[in-house]
Amino acid sequence: MSKPLTGKVALVTGGSRGLGAATVRLLAEQGADVAFTYVSSEKQAQAVVDEVHSKGAKAVAFKSDQADMSGAPALIDDVVAHFGGLDILVNNAAISAAGTVDDPDTDTAALDRMHATNYLGVIAVIRAASRVLRAGGRIITVSSGLGSRVGVPGAADYSATKSGIERYTMGVARDLGPRNITANVVEAGLMEGGMEAPDPETLKALVSSLSLQRMGHPEEIAAAIAFLASPAASYVTGAVLDAHGGYNA
Ligand SMILES: NC(=O)c1ccc[n+]([C@@H]2O[C@H](COP(=O)([O-])OP(=O)(O)OC[C@H]3O[C@@H](n4cnc5c(N)ncnc54)[C@H](OP(=O)(O)O)[C@@H]3O)[C@@H](O)[C@H]2O)c1
């Protein structure tokens, strides 16, 4: 494989599992030194680091709770101290929680934590990273098909976090464009082995609404992220790249 990211430093939030881990592996294969965060899966994070090292590339894991906005500046300082700079930020870490707005049994504390993690926490990391991102830098925010179309009941809060962070990323593209830093969104689709799937009935409805009629693999979404991180995407900014099997087609 060619290594278009040689000499670049990447930070992938939530790299211990799922799409984040696939992205860490791919960016490292393409030559980047990759830092990533996790919040609780220390063993899985170490396994990802070991796997990257076994292939002769560099990775480091930092425990950092994205739901706590105050931790973002220290995280970015740690990345810069470890690898000497920052070129690529992948805002991947997120959680999902569901519940219809009128259901008295909805766990609103879980919804509040989701808003903190998926929206405010991402903003805090972007703000801190924007201080140090080098010219030619990339910000890639992982959203969801539900960021542009809700499609199922019970997803108002999750969709709002994703829609909000998409718009924020567009603003970032405007703010950082003059420094030759791009900011784009990847709308991921339902993935095998990712965050907890919705109930079987909702899952069936979602899959049958897709053009491709199947769930995606994390590697398929990571490829879209790697494209936006690559030199080939130098004139792409403020864009939304759909990698969700045709949810909107
Ligand atoms: N899975 C899907 O079907 C799907 C569909 C559309 C969009 N997406 C989006 O794709 C992205 C990745 O999803 P996924 O399914 O790969 O997720 P996942 O398998 O549940 O993994 C989530 C990752 O985020 C980390 N994380 C969670 N809360 C965190 C926090 N407070 N601070 C720091 N890290 C935290 C986790 O760390 P720990 O391991 O330590 O918990 C883990 O590394 C998300 O943005 C999600 O919204 C997913």
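**The sheet and what sits around the ligand**

So, this one is a predicted model. Let's start in the sheet: β5 and β6, which is residues 182-188, run parallel and are joined by seven bridges.

Zooming out, the open sheet has seven strands, all paired in parallel, and the order reads β3-β2-β1-β4-β5-β6-β7. Which strands stand at the edges? Those are β3 (59-63) and β7 (240-243); each has a single partner strand, so one side of each has no neighbour in the sheet. On average, and ignoring direction, neighbouring strands are turned by 20° against each other.

Now the helices. α3, residues 72-83, lies across β1, β2 and β3, and runs at about 155° to β3. α4 packs on the sheet as well, where it touches β4 and β5, and its direction is at about 175° to that of β4.

Okay, the ligand. It has 31 residues around it, with Ser16, Ser40, Ser41, Tyr158 and Met195 the closest. The protein covers 95% of the 910 Å² of accessible area that the ligand has on its own.

And back to β5: this strand gives the most to the shell, with three residues. By type, the shell splits into 13 nonpolar, 14 polar and four charged residues.

Key: Residues are numbered from 1 along each chain as its sequence is written. This is a predicted model: local features need pLDDT of at least 70, side-chain atom pairs count only at pLDDT 80 or more; totals for chains, interfaces and linings use all residues. Side-chain values use heavy atoms; hydrogens and water are left out. A residue is near a molecule or strand if one of its heavy atoms lies within 4 Å of it. Accessible areas come from the Shrake-Rupley method with a 1.4 Å probe; for residues, only the protein chains shown count as cover. Helices (H or I, at least four residues) and strands (E, at least two) are DSSP runs, numbered from the N terminus. Ala, Val, Leu, Ile, Met, Phe, Trp, Tyr, Cys and Pro count as nonpolar, Asp, Glu, Lys and Arg as charged, and the others, Gly among them, as polar. Two strands pair if DSSP finds at least two bridges between them. Axes are lines fitted to C-alpha atoms, for helices over the stretch in contact, and angles run from 0 to 180 degrees between N-to-C directions. Contact means heavy atoms within 4.5 Å.
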